[in-house]
Amino acid sequence: MAVVRPTPADPTPGLRAEARETGDQRAMPPELGPDSIAVLSGPTFMYSDPCGDVPPGSIGGLVHLDTRLLSGWVLTLNGEQLLVLRAETVDHYSAQYVLTNPAQPGLPPDSLGIRRLRYVGDGFHERVELVSFRPEPVRLELRLAVVADFADLFEVKSGVRDRSAEITRSHAPDGSQLCFSYARGDFAAETRVCCSRPADRVEGDELVWDVTLTRREEWQLDLHVPLPPGMGVVEPVRGDIADVFHRRADDPVRRWTLGRAVLRSDNQALERTVRQSRDDLAALRLDLEVKGQRIMLPGAGLPWFLSVFGRDTLITAYQTLVAGPALAKGALLTLARLQGEQCDDFTDEEPGKILHEVRSGELTRTGVKPYGPYYGSADATQLWLVLLSEYWRWTGDDETVRFLRDNALAALYWIDRYGDRDDDGYVEYATRSPEGLGNQCWRDSPDGVCFADGRIPVLPIATSDLQGYTYDAKLRLAELADGPLADPGLARRLRADAASLYERFNRDYWIDDRGGFYAVGLDGDKNPIDSKTSNMGHLLWSGIVPPERAGTVVRQLMADDMFTGWGIRTLSWDDRLYNALGYHLGTVWPHDNSLAVLGMARYGYRAEANRISLALLEAAEQFGHRLPEAISGFPRERLLFAVPYPTACSPQAWATGTPLALVRAMLDINPVGGRLVLDPDIPPEIGRIAAERVRAFGRCWEVEAVGRTGHVRLAEC
């Protein structure tokens with residue numbers, strides 16, 4: 001019998017769980033559509049269609065800490081759905097839906113003005129307002145149908161287990177409240193829908209109000225779904241709905257942003273995009289407890305990834321260091337606190353390893369899924385070291401570096417002992433868990449790493465980006481060893497390791513065919529995986545590319561098969577599995593492009609870096625100045641406008657951090673010897689860039705640049 005070898009699509013043959021989460025994101029269903037609206041605050045969000053409804057069976061609902069508390073929320077008038085006039089978010093945590101009635105017996109269309117106001121803060125709040133424009137009284141039946149399935153977020157995007165037999169109801173007979181509760185093992189959850197105006201009837205799980213309105217009479221109902229006790233967001237907004245919407249209530253997010261760096265530019269799109277990024281990072285903040293540690297970090301993205309991720313958090317912190325060091329320091333300390341300490345096959349934990357993902361839903365808390373936390377990431381450990389170095393370069397904070405010395409050495413130990421699985425000098429990955437990820441690089445979908453002819457490689461895989469990060473991490477740790485860690489012997493060893501890796505990598509990963517490019521990785525038999533990918537941009541960022549090859553790499557990334565006009569594709573359209581709508585198979589990821597932009601600037605390819613930056617900023621304008629997680633890889637000259645990946649997270653942390661990284665590349669701003677140094681190349685389309693309250697070395701700076709000239713000066717904080 002032939003031996004079945006593990007691949008990312010089937011990483012543990014014979015050990016896979018029967019109902020395994022594949023990692024594929026289900027397409028957005030028509031019940032929500034492309035105009036769906038989400039409001040969020042930390043780990044809580046409400047996701048609905050433009051009418052404000054959540055049709056049962058859709059991906060929508062009220063989700064808190066990975067548990068869906070509401071899976072159906074449908075408001076009808078006389079048994080029919082309302083019509084949308086306009087619906088938009090007001091702030092990230094609030095939305096307004098302006099609606100009217102369809103034609104009904106005895107009620108012409110547009111006879112009623114209907115408004116739904118909602119926000120998420122210390123709970124889910126919704127206000128329903130009705131006003132009649134009919135000259136005679138009208139009698140109406142307003143009905144709210146509620147469903148609570150208590151699904152784990154993992155199930156929402158794959159397949160929900162029917163819990164109906166385990167859900168109990170204790171609805172208030174007077175119509176003031178619906179209550180659903182669920183318990184299984186040590187996991188329990190409850191949903192209460194509280195009404196300011198008791199319903200006239202409760203029919204099953206539906207609240208019904210009989211309303212009579214005279215001409216221009218207004219009718220109002222407030223609904224409130226409390227969040228479970230003890231599980232909150234960071235300083236949630238709270239107050240009367242009208243006060244929240246008219247910004248009379250205290251908004252902790254606005255307070256939080258007051259002390260942040262401020263960017264101004266002649267280009268209003270850039271200014272607005274950076275401002276949106278600042279607000280979105282505030283919106284994504286989480287306040288969670290993991291292993292007894294309280295952590296405050298941005299969640300990776302709405303709706304699928306409102307949780308702590310190692311790789312995403314670290315790259316976001318790197319991208320945004322130019323705006324201040326607080327996020328970077330929080331990420332370093334938090335992830336160090338949760339650093340791996342033992343070998344655990346189910347969670348892929350290993351000593352010194354930085355986690356991949358933390359979840360809080362039923363499947364994790366009952367041990368079905370390994371996410372409490374899960375360590376299946378082969379790059380987060382190196383990225384933690386890269387961020388530690390970059391944080392130190394920007395702050396000169398010797399004390400924090402020395403405090404994290406043992407964590408840094410543990411991370412280095414993981415790279416050399418566990419990351420390099422076969423002692424060949426390269427970091428490889430392969431899961432040991434039946435619930436583990438097959439690909440453990442940033443291209444972590446099952447087919448995210450493939451050969452040019454479409455074959456899926458055998459494990460373990462050593463992707464190119466892992467080697468670039470490792471090279472950079474060792475050189476940076478050597479710099480720290482020469483500095484605050486005061487270990488010159490370690491510094492010499494690390495530089496020798498990096499030099500050896502540089503030489504071997506450029507021998508083993510370079511492919512002369514197709515004009516010359518770097519393989520995306522080596523498979524389990526050390527064969528080069530010959531697809532042409534955006535990973536080459538990460539190699540420029542890490543510095544592992546020899547200067548004499550940098551021009552070839554840049555030309556490959558900017559060629560028509562890779563560059564769409566909006567950014568660099570994840571996979572060349574010449575490769576067999578290319579798909580403009582494939583998650584890692586041809587889409588354009590803003591964060592991926594931001595690293596390429598930083599890499600191109602590093603090697604002096606400023607015109608190419610600026611071309612990508614301008615394209616991404618133009619794309620952001622089309623999405624309300626917010627870059628989505630990924631953009632479909634259709635050619636710009638063919639479609640004329642940017643198309644989002646069907647289930648792209650938005651906002652998403654490292655897409656949100658991308659505009660700041662683009663600004664940094666245009667300015668080429670770097671901390672050197674206790675001061676900031678500029679080498680700007682600002683494209684004419686941007687004009688002037690000025691930044692206030694840029695924090696470095698414990699002081700504030702003002703930065704201004706136009707074209708290729710600029711200056712930096714100290715300022716009052």
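Trainee: Which loop does Asn78 lie in?
Mentor: Asn78 lies in the loop between β5 (72–77) and β6 (80–81). Helices and strands here are DSSP runs, numbered from the N terminus: helices are H or I with at least four residues, strands are E with at least two. This is a predicted model, where local features need pLDDT of at least 70 and side-chain atom pairs count only at pLDDT 80 or more, while totals for chains, interfaces and linings use all residues. Residues are numbered from 1 along each chain as its sequence is written, and side-chain values use heavy atoms, with hydrogens and water left out.

Trainee: OK, and what is phi of Asn78 near?
Mentor: Phi of Asn78 is near 50°, a positive value in a residue other than glycine. Asn78 has a relative accessible area of 33%, so it is partly exposed. On that scale, buried means under 20% relative accessible area, exposed means over 50%, and partly exposed is in between (1.4 Å probe, protein chains only).

Trainee: What about Leu640, where is that found?
Mentor: Leu640 is in the loop between α17 and α18. Phi of Leu640 is near 75°, again a positive value in a residue other than glycine. Leu640 counts as exposed because its relative accessible area is 64%.

Trainee: Switching to cis bonds: what is omega for the peptide bond from Ser650 to Pro651?
Mentor: Omega is near 0° for that cis bond from Ser650 to Pro651. Pro651 lies in the loop between α17 (636–639) and α18 (653–656). Another cis peptide bond joins Leu459 and Pro460, with omega about -5°. Pro460 lies in the loop between α10 and β21.

Trainee: Now strands. How many bridges join β7 and β8?
Mentor: Strand β7 (residues 83–91) and β8 pair in the antiparallel sense over seven bridges. Two strands pair if DSSP finds at least two bridges between them. β7 and β8 form a hairpin with two residues between them, and Thr89 has Ala95 in β8 as its bridge partner.

Trainee: And which way do β8 and β9 run?
Mentor: Strand β8 (residues 94–100) and β9 run antiparallel, joined by six bridges. In that pairing, Gln96 stands opposite Leu117 in β9, and Leu99 has Ile114 in β9 as its bridge partner. Leu117 also has a bridge partner in β10, namely Arg127.

Trainee: How many bridges join β9 to β10?
Mentor: Nine bridges join β9 to strand β10 (residues 123–132), and they run antiparallel. β9 and β10 form a hairpin with two residues between them.

Trainee: Why is β9 largely enclosed?
Mentor: Seven of the nine residues of strand β9 (residues 112–120) are buried, so it is largely enclosed by the rest of the structure. β8 is mostly covered too, with five of its seven residues buried.

Trainee: How many residues of helix α5 are buried?
Mentor: For helix α5 (residues 310–319), 10 of the 10 residues are buried, so it is largely enclosed by the rest of the structure. Among them are Arg311, Asp312 and Tyr318.

Trainee: Is Thr191 buried or exposed?
Mentor: Thr191 counts as buried because its relative accessibility is 0%. Thr191 sits in strand β14 (residues 187–195). Its C-alpha atom is separated by 5.1 Å from that of Phe180, 11 residues apart along the chain.

Trainee: Which residues does Thr191 touch?
Mentor: Not counting residues up to four places away in sequence, Thr191 touches several, including Leu69, Ala148, Phe150 and Val225. Contact means heavy atoms within 4.5 Å.

Trainee: Last one: at roughly what angle do α10 and α12 cross?
Mentor: The axes of helix α10 (residues 405–419) and helix α12 (residues 488–508) cross at roughly 30° and come within 14 Å. Axes are lines fitted to C-alpha atoms, for helices over the stretch in contact, and angles run from 0 to 180 degrees between N-to-C directions. α10 and α12 are therefore roughly parallel to each other. Angles under 35 degrees count as roughly parallel, over 145 as roughly antiparallel, 65 to 115 as roughly perpendicular and the rest as oblique.

Trainee: Which residues of α10 and α12 meet?
Mentor: Leu409, Leu412 and Asp416 in α10 meet Leu490, Arg493 and Leu494 in α12. By class, that contact of α10 with α12 has four nonpolar, no polar and two charged residues. Ala, Val, Leu, Ile, Met, Phe, Trp, Tyr, Cys and Pro count as nonpolar, Asp, Glu, Lys and Arg as charged, and the others, Gly among them, as polar.
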